[in-house]
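Thanks for coming. I will go through one model today and keep to what was computed from its atoms.

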Amino acid sequence: MNQPKNDTKAGQPLLEVKDLHVTFTTFGGEVKAVRGVDLTLRAGETLAIVGESGCGKSVTARSLMRLLPERTARITSGSIKLKGRELTGLSEKQLRQLRGSEISMIFQDAMTALNPTITIGEQIIEGILRHQKVSRTEARRQAVEMLELVGISHPQTRLKQYLHEFSGGMRQRIMIAIALVCKPSVLIADEPTTALDVTIQAQILELFQMLQERTGVSIIIITHDLGVVAKIADRVNVMYAGRVVESGPVGEVFHRPQHPYTLGLLASMPRLDSDRTIPLRPIPGTPPDLFAPPPGCAFAARCSRAMAVCGTYPPERTEPSPGHTVTCWLQDPRAQAVRPESQPVGTAGRPAI
Amino acid sequence: MLITLWLIVTITFFLMHSVPGSPFDRDGKEANATVIQNMMEHYGLDKPVAVQYLMYLKSLVTLDLGPSIAHYPDSVNSMIDRGFPVSLSLGMIALVFAIICGIALGTVAALRQNGLLDSFAMIFAVIGITVPNFVVATMLIKYVAVEWKLLPVATWGTWKHMILPALALSTGPLAIIARLTRANMVEVLTQDYIETARAKGLAPATIVFKHALRNAVLPVVTLLGALIANILTGSFVIEKIFAIPGMGKYFVDGINNRDYAVIMGTTVFYSALLIIMMFLVDIAYGLIDPRIKLHKKGA
Ligand SMILES: Nc1ncnc2c1ncn2[C@@H]1O[C@H](COP(=O)(O)OP(=O)(O)OP(=O)(O)O)[C@@H](O)[C@H]1O
Ligand SMILES: [Mg+2]
């Protein structure tokens with residue numbers, strides 16, 4: 001299914017984020033949750049964002065829709081362009097126009113993300129009525145159609161039911177229906193399968209692929225599961241401490257990871273296709289304090305290959321192969337010279353450290 | 001339900017009879033001993049308490065609450081006939097006012113969380129809960145009625161007469177509802193489904209009224225039974241203060257006169273009323289919360 005999409009991918013990006021900074025004002029001080037994220041999403045593609053807990057994946061996603069808590073969160077700098085239109089300066093009213101119709105979002109736990117006291121039908125229909133000038137009957141027809149599309153049988157009767165009358169997998173399908181019913185061009189899915197068991201997880205991922213083929217929606221999927229990334233994503237952004245440290249096509253990043261953090265992530269994940277019995281290695285140490293992030297590379301303190309320069313100066317972004325970018329001092333020609341052996345950096349599961 | 005009612009009847013009956021004094025004690029005035037003797041015989045008060053108790057239960061089954069002792073030949077049933085409509089309208093006005101204003105106040109406070117309006121609302125709520133309603137009533141009479149002459153001081157008749165007693169009666173429940181609504185609303189607004197609603201592009205007003213309010217107000221419904229009880233007992237004092245010819249006034253007079261039949265009659269009547277109300281509140285909760293309906297269907 002990757003083939004037909006390739007021609008659209010050549011076009012200009014649908015969504016382009018440049019140097020995004022998001023800060024939270026808390027009692028303890030300013031939390032610099034996102035510190036210069038760049039992100040590109042092309043029409044019809046799936047971009048995965050991976051990284052440890054707290055690295056700013058959800059904050060990045062939410063700031064695209066400006067769904068951050070208004071009182072504490074602030075986009076301090078950067079630009080977010082959707083179809084060439086700048087979103088950072090939009091008023092709340094303009095943003096409301098956009099939410100649900102151009103960009104939609106689905107959340108991890110459908111059990112809490114849907115309203116327990118309003119029927120499923122009404123929760124779908126209200127979105128349609130918000131963004132389209134159609135009658136209630138027409139909205140209901142669209143809701144039925146959408147429920148059918150996401151694989152809910154007997155949609156006519158299901159519309160009148162409440163959240164508790166559905167199973168976990170069906171709830172997630174309903175969330176997807178709500179998000180896609182107004183045919184947005186971008187769907188953001190924040191850990192959409194984490195709360196589900198493995199079989200249901202696979203079904204939901206297939207549903208994403210099917211819907212993407214049908215509607216051409218571009219998907220940003222946030223996950224901890226590199227298996228999910230391998231299964232459905234075209235490209236992947238690896239985030240660490242509020243920054244993207246490595247980005248590129250999934251195959252490229254997984255097979256020729258360049259950043260030590262990406263290597264660490266891959267080594268800490270179980271691999272089904274691995275015939276070697278290598279013990280899983282969690283990355284030692286903890287992420288830096290986002291109240292006062294270090295001046296250099298944030299990963300330096302945990303990096304087994306850190307050099308003197310890493311802790312003091314931020315690395316530049318480099319592009320070792322087309323579309324594959326890395327932000328690491330090891331990419332610097334001077335570091336290459338220092339390296340004892342000139343073998344490739346490593347393969348997944350066995351980083352050459 | 002009937003067992004609860006029977007327990008209340010029994011306890012009230014024996015408590016009442018254990019209080020010293022009798023219906024025919026009159027401060028200062030010496031009544032004729034034979035007259036009293038005749039009266040006691042007429043009302044059956046010369047018999048042992050146990051016998052009186054059984055007699056009372058017997059008449060209660062036929063819904064006859066007996067004659068008033070102090071206001072012969074008035075019967076307790078006819079007192080209720082006259083007094084209850086008055087008390088009911090006063091209580092309903094107070095309750096409706098408390099619910100509407102309490103929910104509105106709590107919601108506004110939650111939306112302006114930690115703001116000035118929130119602080120005012122919550123200070124008001126604390127005052128409303130702690131200051132007894134007779135103090136509120138006295139203040140209202142002193143300022144609104146006596147000094148500013150905006151409304152009548154007391155008694156019953158036109159809608160103008162209803163305002164002050166209804167206000168005084170509703171402050172406590174209003175404050176309780178406001179606090180509960182605020183707490184629930186603050187909690188509900190942090191829920192994921194509110195974020196989902198925002199992500200759909202819904203306007204803040206739609207989110208508050210359609211998605212948040214219903215879930216925030218649900219727990220208030222469970223409190224309704226207690227609030228009705230609060231208003232009922234409050235009405236005894238308020239009716240006495242405003243000289244309103246309702247049930248409460250008859251009850252208080254009944255106690256002063258040790259009018260056994262009136263005390264018993266009003267107690268039984270209000271207990272029955274309250275038990276029925278609690279039952280209705282339970283049913284209402286099931287109707288507005290879809291999650292509970294399922295449990296009943298499944299059971
Ligand atoms: N409302 C908030 N107020 C203050 N700090 C916040 C808030 N939301 C997020 N943060 C901070 O921003 C950082 C990034 O959080 P984020 O939720 O984006 O992490 P994440 O990558 O999505 O993690 P996870 O995988 O656990 O979901 C965290 O350090 C967190 O403490
Ligand atoms: Mg997250």
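First, the conventions. This is a predicted model, where local features need pLDDT of at least 70, side-chain atom pairs count only at pLDDT 80 or more, and totals for chains, interfaces and linings use all residues. Residues are numbered from 1 along each chain as its sequence is written, chains are lettered from A and ligands numbered from 1 in the order in which they are written, and side-chain values use heavy atoms, with hydrogens and water left out.

Now the domains. Chain A is divided into domain 1 (15-233) and domain 2 (239-338); these bounds come from an automatic or database domain assignment. Taken over C-alpha atoms, the centres of the two domains are 28 Å apart. In terms of contact, meaning heavy atoms within 4.5 Å, 27 residues of domain 1 of chain A meet 20 residues of domain 2 of chain A.

The size of an interface is often given as the accessible area lost when the parts come together. Buried area here is the accessible area (1.4 Å probe) that two parts lose on being put together, summed over both. For domain 1 and domain 2 of chain A that is about 1900 Å², with 59% of it on carbon and sulfur atoms. On the domain 1 side, A:Arg35, A:Glu52 and A:Leu226 supply 40% of the area buried against domain 2, more than any other three residues.

There are 2 salt bridges between domain 1 and domain 2 of chain A, a salt bridge being a side-chain nitrogen of Lys or Arg within 4 Å of a carboxyl oxygen of Asp or Glu. A:Glu52 forms a salt bridge with A:Arg302, at 2.9 Å from N to O. As for secondary structure, helices (H or I, at least four residues) and strands (E, at least two) are DSSP runs, numbered from the N terminus. Two or more residues of the domain 1 side that touches domain 2 come from each of strand S2 (29-41), strand S3 (46-50), helix H2 (57-65) and helix H10 (226-232) of chain A. S2(A) gives the largest share of that side, 10 residues.

Next, the ligand. Which residues come nearest to ligand 1? Of the 15 residues around ligand 1 (a heavy atom within 4 Å), they are A:Ser53, A:Gly54, A:Lys57, A:Ser58 and A:His224. A polar side-chain atom of A:Ser53 is 2.4 Å from an oxygen atom of ligand 1.

Last, the two chains. Here 30 residues of chain A are in contact with 22 residues of chain B. Chain A and chain B bury about 2300 Å² between them, 52% of it on carbon and sulfur atoms. A:Thr117, A:Glu126 and A:His164 supply 24% of the area that chain A buries against chain B, more than any other three residues.

How many salt bridges are there between chain A and chain B? The count is 5. In one of the salt bridges, the side chains of A:Glu126 and B:Lys200 meet at 2.6 Å, N to O. On the chain A side, H2, strand S6 (103-106), helix H4 (110-113) and helix H5 (120-131) each supply at least two residues. The largest share, 6 residues, comes from H5(A).

Conventions. A polar contact is a pair of N or O atoms within 3.5 Å; within protein, one must be able to donate a hydrogen and the other to accept it, and residues adjacent in sequence count only if both atoms are side-chain atoms.
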